[in-house]
Amino acid sequence: MKPIKVGLLGLGTVGTGVVRLVEGHQSDLESQVGSPIVIEKVLVQNKSKARSINIDSSKLTEDVWEIIHNPEIDVIVEVMGGIDLTRSYILEAISRGKHIVTANKDLMALHGPEILSKAQEHGCDIMYEASVAGGIPIIRTLVEGFSSDRITKIMGIVNGTTNYILTKMSQEGADYSEVLKEAQELGYAESDPTSDVEGLDAARKMTILATLGFRANIALEDVDVKGISSISREDILYAKRLGYEVKLLGIAERQDDYISVSVQPTMVKRSHPIASVNGVFNAVYVYGEAVGETMFYGAGAGELPTATSVVADLVAVVKNLKLGVNGKQEKLAYKEKKLKTDEQIASKYFLLLHVADRAGVLARITQAFAEFEVSLESVLQQPNASNPEAEIIIITHDANKAAMKKVLGVLESMDVVKVIKSVYRVEG
């Protein structure tokens, strides 16, 4: 049985996990694919660096072309990260007939259509299960498990860092800045946390999920993005009082073939299953016309959870190799992209207003909503000893985004509205 030889680009956290699984589960893998799987070469930045695993130094290289130009290597596993340089390596490898497994969400969100097209042209597989939600097999589920259904909505917690921060704020009443610092000390957040806390990481993942779920090429710029850095302890407290949890949700919806994709802090009814997803865990909720509602939950990052998805993709590539069907996967994005307008995007909204505490103010505020046909589900005035102004909480019925923008514009112009403290989408 001829061994399948693999080139590994990167030996960081995930790369180390890949080596552990391939070497530690060799007999299981061989029984599944009918051949040994051998990691032939590993690209590293520094061959002499101390590592947490024992690996033959002859397998290490600092020259990527030793892997890409090696005719004996069948599959390249990319876990090094990066975008532009990595893209050039992947495209060159594909042009040489090598199959690709990647965990690179940034690469696939920005250049996925180009890479997939190139792979199909050269009869190569490109697998990227680990690019979204770590150990949760959500990509394979969307492509294969829902192949007979029409997905209408994908809603997910797809960033563990922000979910950890919001969980701590909810459970301990802590401030955002305090929890962010703790997350950085624990290694859950980077020293520069912008990509996570401003929703950019989640937006890239939702770009991938929406493209797969709706079979249309969704671009990163199609995603409406808002992060969590402005969420206050007060927002969390009011949400809890009303029976909600605040989560950073990626939401992709399709109605009559028109699509919207967003990433935003959202108040989720505590009875909804996704509201109970805490800490660094991820969850993806999928709505299908036939199957109804399904939820996928698990570790969204980490050495072995992510490596599990990478090695599962590697097994799929080798099985295709044995069957001679590499590069024969169906065209994933074959539908025209039609994006919803603001008039077509509807949801409930939560608003927290600080207003002048005098007669007639509430009537003026509710009139602003009525003017643009936004109906109200509830209006609540909460006493706050630390705030001399009145605090008004409003939850709307479903309202379109265009109408809400107009309402907010009117509220901002009112002299009796001191500040629009918070505006959140409401789910569940």
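Visitor: What counts R215 as buried or exposed here?
Guide: In this predicted model, R215 has 13% relative accessibility, so it counts as buried. The cut-off for buried is under 20%.

Visitor: Where does R215 lie?
Guide: R215 is in the loop between helix 10 and strand 8 (223-225).

Visitor: And what is phi of R215 near?
Guide: Phi of R215 is near 60 degrees, which is a positive value in a residue other than glycine.

Visitor: Which value is phi of A133 near?
Guide: For A133, phi is near 65 degrees, again positive in a residue that is not glycine.

Visitor: Where is the place of A133?
Guide: A133 sits in the loop between strand 6 (126-127) and helix 6 (138-145).

Visitor: Is A133 buried or exposed?
Guide: A133 counts as buried because its relative accessibility is 1%.

Visitor: Changing topic. What volume does the largest pocket have?
Guide: The largest pocket has a volume of about 1200 Å³.

Visitor: How many residues line the largest pocket, and which lie nearest its centre?
Guide: The lining has 43 residues, and K105, E190, D201, K205 and A301 lie nearest the centre of the pocket.

Visitor: Which elements give two or more residues to that lining?
Guide: They are helix 1 (13-24), helix 5 (105-121), helix 7 (160-172), helix 9 (194-197), helix 10 (200-214), strand 11 (281-288) and helix 12 (303-323).

Visitor: How many of the lining residues are nonpolar, polar and charged?
Guide: The lining of the largest pocket divides into 16 nonpolar, 17 polar and 10 charged residues.

Terms used. Residues are numbered from 1 along each chain as its sequence is written. This is a predicted model: local features need pLDDT of at least 70, side-chain atom pairs count only at pLDDT 80 or more; totals for chains, interfaces and linings use all residues. Side-chain values use heavy atoms; hydrogens and water are left out. On a 1 Å grid over the protein atoms alone, a cavity is a set of points where a 1.4 Å probe fits but cannot get out, and a pocket is an open set with protein on both sides within 12 Å along at least five of seven lines; lining residues have an atom within 4 Å of a point. Grid points are joined across faces, edges and corners, and a volume is the space filled by probe spheres set on the points. Helices (H or I, at least four residues) and strands (E, at least two) are DSSP runs, numbered from the N terminus. Ala, Val, Leu, Ile, Met, Phe, Trp, Tyr, Cys and Pro count as nonpolar, Asp, Glu, Lys and Arg as charged, and the others, Gly among them, as polar. Buried means under 20% relative accessible area, exposed over 50%, partly exposed in between (1.4 Å probe, protein chains only).
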